[in-house]
Amino acid sequence: MNITDNLNNVVEYILNFIKKIKGYIEDIIAFFEELRDKIEGLLDYVDGKIQSIEGFVGELKQHEEEAA
């Protein structure tokens, strides 16, 4: 092998390594995007439950005031 072949092999190795790293980074980004979507869904669910509880508490206060 001559120097040109060795350099070509090194460059090819580096390019393949960069492609693998890019794939890993894309997987990590996709994971965090999915996690963000799930957290947003959970927050929406919790917000709905809080509003439901607030409405229930409001009705209880109203009935309490009417009873008094």
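**Labels and their cut-offs**

Reply: Gladly, and let's start with D37, which is partly exposed at a relative accessible area of 43%. This is a predicted model, where local features need pLDDT of at least 70, side-chain atom pairs count only at pLDDT 80 or more, and totals for chains, interfaces and linings use all residues. Residues are numbered from 1 along each chain as its sequence is written, and side-chain values use heavy atoms, with hydrogens and water left out.

Me: Why is D37 called partly exposed?

Reply: Buried means under 20% relative accessible area, exposed over 50%, and partly exposed in between (1.4 Å probe, protein chains only). D37 has 43%, so the label is partly exposed.

Me: What makes the contact of R36 and D37 a salt bridge?

Reply: A salt bridge is a side-chain nitrogen of Lys or Arg within 4 Å of a carboxyl oxygen of Asp or Glu. The R36 and D37 side chains meet at 3.5 Å, N to O, so the pair qualifies. R36 itself is partly exposed, at 44% relative accessibility.

Me: How many salt bridges does the structure hold?

Reply: There are three. In another of them, the side chains of E34 and K38 meet at 3.2 Å, N to O. E26 and K22 also form one, at 3.7 Å, N to O.

Me: Why are E34 and K38 about one helical turn apart?

Reply: Because these two are four residues apart in helix α1. An α-helix has 3.6 residues a turn, so residues three or four places apart point the same way. E26 and K22 are likewise four residues apart in helix α1.

Me: Why is K22 called exposed, while E26 is called partly exposed?

Reply: K22 has 51% relative accessibility, so it counts as exposed. E26 has 44%, and therefore is partly exposed.

Me: How do you know that the span of α1 is close to the expected one?

Reply: The helix has 65 residues and reaches 95 Å from its first C-alpha to its last, against 96 Å expected. The expected span is 1.5 Å times one less than the number of residues.

Me: What makes the nonpolar patch, and how is I21 placed in α1?

Reply: Patch residues have over 30% relative accessible area and no salt bridge; like charges are joined within 9 Å, nonpolar side chains (Val, Leu, Ile, Met, Phe, Trp, Tyr) within 5 Å. The patch covers about 930 Å² and includes F17, I18 and I21.

Conventions: Areas by Shrake-Rupley, 256 points an atom, 1.4 Å probe, with all protein chains shown as cover.
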